[in-house]
Amino acid sequence: MISLVVVAVFLLQGALFQPPQAAAFKIFLTDESLTHHQITEAAFLRKMAEVCRNVATARGKDFTLPINSKLTATTVQRACSNAYSSLLKLSSFNLAIVQTSLSNAAVDRKQFSTAHHFDDEDFKNGRDLITKGVASVKVSIKKGNYLSARTSLGAVCHTLQDFYSHSNWVELGSTAPFSTLIKPDLPLDNIAGPNTKTCRNCVGKNCSDNILPDVLQQKTLTSGYFHLILSSKPAGKCSHGGFFDRTSSTEPTGGINKDDISSDHGFLHFRAAEMAINATMELLEDIRLATGDQAFLRLMGLTQTSVLAFVFDISGSLSHYIEVFKSVCLSIIDSRRGTSEEPSEYVLVPFNGQASVCGNFSDMFLSGLLLTLTRAPPSSDIFVLTDASAKDTELKSAVKAMIESTKSTVNFLLTSSLLRSEKDASPSRSLFLSDTQLYSDLAHVSGGQTIDVTNTTMSQANAIITDAITADLVTVIQVERSSAMEENFSFVLDPSLSNTTVYITGDSPVFTLYSPTGVSQSGSVADGPLGSILTVGNLKRVKLNSDNQTGEWKISINSTSSYTLKVIGQSSVDVLFYFVEIVEGGHGDSWGQSFTRPFIGRNATFYVSVTGRDSVIVTDVLLVKASGSDVVNGTVKAVSATDFLVNINRIPEWAFVVQLKGLLNDSSSVSRFQRQSPTQHKGSRITVMAQSQNITQPGVPLSLNFTVATNTTGGNYTIRALNDQGFSVSFPSSLILETGGSAQGSVTLTAPSDTESGTDVKLTIEAEAPGSTDLNYVTLQLTVSTANAIFSGCYSLSVCLSFFFLIVCF
């Protein structure tokens, strides 16, 4: 029998009930109003332009870029590159804005929190959220955790921006931001008391003068009350206003919000939005002064923030490979030192029974890789050298899920001199064919490569590693075929691409490449009219010539065994994909990034952002089967000139990649382009739901309840809990579920007593079905604080709604 919890989950995920919220500036484009994303982006662009102008002036350079509302990421990146005399990164600058905006949007999921939105005159708690959030941003930057810093920054920016929409700060005639909100040592003065009347009835639909004259004359600060269900509010208080605010029909009627130009105080929308931009800039300046210019550039994404990790087997059987591998690693490190492509950190992870940052494990390779993925920042590049069989293959699904969650790329260098079939495998450490398939599967899920190497070809792998960590790398197409077959593929190269490279892996694939003009080159020709071919073990690397790359290319492949095809290049035009969850209603739609797999067979939405252009036309967004040609089409809705929400009617059973096609508008021409997510994604028939606090205290165990539900297979579900800080964590190793049922468990996380206040920790809870047939996870973001938590994440009615809607509150 299906439990009531499961029924509630399935019903609430549908269209039967969609809770409204007291949102502030809108998420989606409506009329001429400014959205949270536009406000955040404008603040980022203006602040970076200011910083670069100051740098240019100090260095005696000209800086002619006007700092106004017409700035774009492209113009700012160019001006900053000139100021710093080095090419700063455009794609990662766009990425930083997108990551911050996603976190900003997610705050509207805390629908009933007065502090997060400065409703109900909750100024003290709102200010505390901001100051504690800023502290967390600074600690994350100090530790080099720039994604965590952007996550915290986005949440802080939303609350800060809401102040100017929900309070009467603009109505009071203020001409500058309320700096007290980001300075915890300053007193909050002249706040309306609980018995102070602040508003009078609106006259008809006109609410332009509903704030009492005494409040305006005495510069008394107030904000509107909001409630979805109850109409009561303190006597004489202003309401937020709007159709879903039940208090706005109680005297004094109307509201004072400036969410958009159609709001009760919409005539002040643009003043409030401009004030919010200036306040966000002031916040960014406070962070810059505290962390320094170099760290601030990395927070903004204008310099490299990724991590390059080398994981290598230090057993005696690989001793002659290790020295070559070390020299390759050192060569790469030396070539990147002092350049814009230098990673923020290098990680060396030895394994096979030796002490390492990932602990002690002998041939428990997947355990080590799982922990490496957990501890390394997202989007890291990981290179693995091994000849060892994995003894913990039961973790394969968990590793795939972590790759999917972190979007990190894993490349394997396998010593082909030790590769043998299972029948003649005499050395105890030789790789079986099943092992090589395991590593190939993991590499392909991440968008990486699996390369067979020998002692003599190891140095040639240097070129492959260098390709993989090149700046501004984008994936044009990547396909996998698990059986022998002949097939033709086509892909489009646009004018923004350079250094385009084609990779084909397999035992003996025969291929021919065709250019847009009809020129062809066989894979047996090392140097031909289309490019040069390097062979390293089972991999052929075709480096295309720089001339006449633009247009539709074709490649025919005939293979007697499984093979992969991958086409990459350098370009500022890239595509970012994030699954999101949307709640419709209230003053507009709210949405936030989803930190769990989508449910198979149901609809889903993901956010797409195209970087490197000020505007693009998106014609198609597809889910493409990772190991086949099946597709699911998406319906595209513009959020901005370069950002889109894509609705998928049903999530497929099979693993998929996201492929985007569109048009680039250049000054003189329009050209087709295509991009693909390098990381594979997969749906699930399991839901993992967690009720989370957003703050934990050092030395104090924090218990988090979670529920696992499924509408299919029952049995013994394996449970895992991982965190990226290495904090102590305890959890049940398994839960028993009936078919179509659910079960509850608890995870206890304990931060060491000496943990610095403001430290962020990412906790991932996984549930795997019997026989490793399915797996899902949920990721929670928490902050360690020495002060008592203001809120335990989602609370009261919000707890229930967030719980059932699989909303992660962080």
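Colleague: Where does Phe118 lie in this model?

Modeller: In this predicted model, Phe118 lies in the loop between helix 5 (114–117) and helix 6.

Colleague: What makes the phi of Phe118 worth a remark?

Modeller: The phi of Phe118 is positive, about 55°, although Phe118 is not a glycine.

Colleague: And how do you know whether Phe118 is buried or exposed?

Modeller: Buried means under 20% relative accessible area. Phe118 has 0%, so Phe118 counts as buried.

Colleague: What does the span of helix 11 come to?

Modeller: Helix 11 covers residues 319–336, 18 residues, and reaches 26 Å from first C-alpha to last, close to the 26 Å expected. Just after helix 11 comes Gly338, with a positive phi of about 80°.

Colleague: What makes you say that the buried residues of helix 11 line one face?

Modeller: The buried ones are Tyr321, Ile322, Phe325, Val328, Cys329, Ile332, Ile333 and Arg336. Looking down the axis of helix 11, you find these buried residues within an arc of 135°, so they line one face of the helix. An α-helix has 3.6 residues a turn, so residues three or four places apart point the same way. On the other side of helix 11, Glu323 and Leu330 are exposed.

Colleague: Why is the set of 58 residues called a nonpolar core?

Modeller: The term asks for buried residues from a list of types such as Leu, Met, Phe and Tyr, joined through side-chain atoms within 4.5 Å. The largest set that qualifies has 58 residues, and those with the most contacts inside it include Met48, Phe93, Leu153 and Tyr164. Several helices give two or more residues to this core, among them helix 3 (73–84), helix 4 (91–106) and helix 7 (146–166). Helix 2 gives the largest share, 11 residues.

Colleague: What is Phe93 in contact with, beyond its sequence neighbours?

Modeller: Leaving aside neighbours within four places, Phe93 is in contact with Leu45, Met48, Ala73, Val76, Met300, Gly301 and Leu302. A second, separate core has 28 residues, including Leu370, Ile382, Val384 and Leu442.

Colleague: How many residues does the whole chain have, and what share is buried?

Modeller: There are 810 residues, and 59% of them count as buried. The chain has 16 helices and 31 strands. Among contacts between residues at least 6 apart in sequence, 73% join residues at least 24 apart. The accessible surface is about 30,000 Å², and 51% of that belongs to carbon and sulfur atoms.

Note on methods:
Residues are numbered from 1 along each chain as its sequence is written. This is a predicted model: local features need pLDDT of at least 70, side-chain atom pairs count only at pLDDT 80 or more; totals for chains, interfaces and linings use all residues. Side-chain values use heavy atoms; hydrogens and water are left out. Buried means under 20% relative accessible area, exposed over 50%, partly exposed in between (1.4 Å probe, protein chains only). Helices (H or I, at least four residues) and strands (E, at least two) are DSSP runs, numbered from the N terminus. Contact means heavy atoms within 4.5 Å. The expected span of a helix is 1.5 Å times one less than its number of residues. The arc is that of the directions from the helix axis to the C-beta atoms. Accessible areas come from the Shrake-Rupley method with a 1.4 Å probe; for residues, only the protein chains shown count as cover.
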